[in-house]
Amino acid sequence: MSKSPKTRSTKPNRTVSIIGTGSYVPERILTNAELEKMVETSDEWITSRTGIRERRIAAEGEHTSHMAAKAAQNAMEQAGVTAEEIDLIIIGTITPDTFTPATACHVQRILGAKNAACFDISAACSGFLYAVEIAQQFIANHTYNTVLVIGADKLSSIIDWQDRNTCVLFGDGAGAAVLRYRARSHGVITTFMASDGNYGDILHVPGGGCAMPTTPENAGQKLNTLKMNGRETFKQAVLSMGAAATAALAQAGLTADDLTCIIPHQANMRIIESLADRLKIPIEKFHVNLDRYGNTSAAAVAIALDEANREGRFKVGDYILLVVFGGGLTYASSVIQW
Ligand code: ACO
């Protein structure tokens, strides 16, 4: 009889929980008043249109991996997990330190997480939730036990600081979570993920990739900076996050009334208010920090989750909902029992 090969685990899927969260933002604060001196704008315009009052900007020489590692150390400390215990590191980022190696490999080196496999994913502001779902699958099916998920971006490195349409909106930072098997709650109950590539050009960085490499001839055109159609992005943000949250709640068999806290992507206060209206959820249930950090891309929802967790906005057993959208267009929502 021929020898049969070993197969992947046939054990039933197991429950996956977030057992620790962490975050990091750079020290340097860039206020609306300072932006008034850089482009034709005003504190009143920025605050009334977006809710953003200030954002953090990474120091020179401070890369995405440095911020990511600090957020990770924070999360590992809360989780009581050592670097050697981490089986996998996934980073959602659109501002990697280098195209290769992956930023996750740079973070592995900083942390000394020598037993981890590492890769990055590119899903813009949805990167953290996409990564949570990938991690969830790996743990649920018994491939790995402990996964470090990070959302980190240094958006200041791809902003055109002379474009008032974009430069007032973004900031730098990182948020992290440690995921592991845990039997005492339902953990990450479900994640709905979706994309619509037809809307790719409403929020994109046109150059720098193989389609349009930076050359001495086009270098002055700032093709490697973020371009945005603000009004269309606003509209798609409300529609896509509304659809994702509704789908995730339906998949989980829950209603909005079951939720203790909602952690949305932190892009614009008016987007969050429109989403609250659409979902018929009181705005007080939403955790908002965009007034202090602006939009930190993949880091935004992760930083907000860490803040809400440390502030005690929910306790073990409560249901929370995370919901995001970003360039791509990508969008996602997770329902978690803490
Ligand atoms: N200061 C002053 N005026 C400005 C500024 C500014 N910083 N930025 C744009 N304007 C001007 C424009 O030039 C335009 O002027 P015009 O009418 O003379 O052409 C006008 O303001 C635009 O006004 P509105 O369209 O009324 O502005 P709106 O209410 O749509 O607000 C905003 C603009 C804040 C950009 C909004 O559309 C928005 O938030 N969109 C979504 C942005 C977003 O979330 N992006 C990132 C999402 S995904 C990710 O996180 C990577």
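Trainee: What distance separates the centres of domain 1 and domain 2, taken over C-alpha atoms?

Mentor: This is a predicted model, in which local features need pLDDT of at least 70 and side-chain atom pairs count only at pLDDT 80 or more, while totals for chains, interfaces and linings use all residues. Residues are numbered from 1 along each chain as its sequence is written, and side-chain values use heavy atoms, leaving out hydrogens and water. The domain assignment (automatic or from a database) gives domain 1 (17-184) and domain 2 (188-337). Taken over C-alpha atoms, the centres of domain 1 and domain 2 are separated by 14 Å.

Trainee: How many residues does the contact take from domain 2?

Mentor: Contact means heavy atoms within 4.5 Å. Domain 1 contributes 51 residues to the contact. From domain 2, the number of residues is 47.

Trainee: Which three residues supply more of the area that domain 1 buries against domain 2 than any other three?

Mentor: Domain 1 and domain 2 bury about 3,900 Å² between them (accessible area, 1.4 Å probe, lost on being put together and summed over both), with 60% of it on carbon and sulfur atoms. Of the area that domain 1 buries, 18% comes from Cys-125, Leu-129 and Tyr-130.

Trainee: Which side chains meet in a salt bridge at 3.0 Å, N to O?

Mentor: A salt bridge places a side-chain nitrogen of Lys or Arg within 4 Å of a carboxyl oxygen of Asp or Glu. The side chains that meet at 3.0 Å, N to O, are those of Asp-160 and Lys-222.

Trainee: Which strands give two or more residues to the lining of the largest pocket?

Mentor: A pocket is an open set of points on a 1 Å grid where a 1.4 Å probe fits, with protein on both sides within 12 Å along at least five of seven lines; lining residues have an atom within 4 Å of a point. The largest pocket is lined by 38 residues, with Ile-94, Thr-95, Pro-96, Phe-99 and Val-205 nearest its centre. The elements (DSSP runs, with strands of at least two residues and helices of at least four) that give two or more residues are strand 5 (117-121) and strand 9 (203-204).

Trainee: Which helix gives the most to the lining of the second largest pocket?

Mentor: The second largest pocket has 26 lining residues, of which Trp-45, Asn-165, Leu-169, Met-228 and Gly-230 lie nearest its centre. At least three lining residues come from each of domain 1 and domain 2. With four residues, the element that gives the most is helix 7.

Technical notes
Buried area is the accessible area (1.4 Å probe) that two parts lose on being put together, summed over both.
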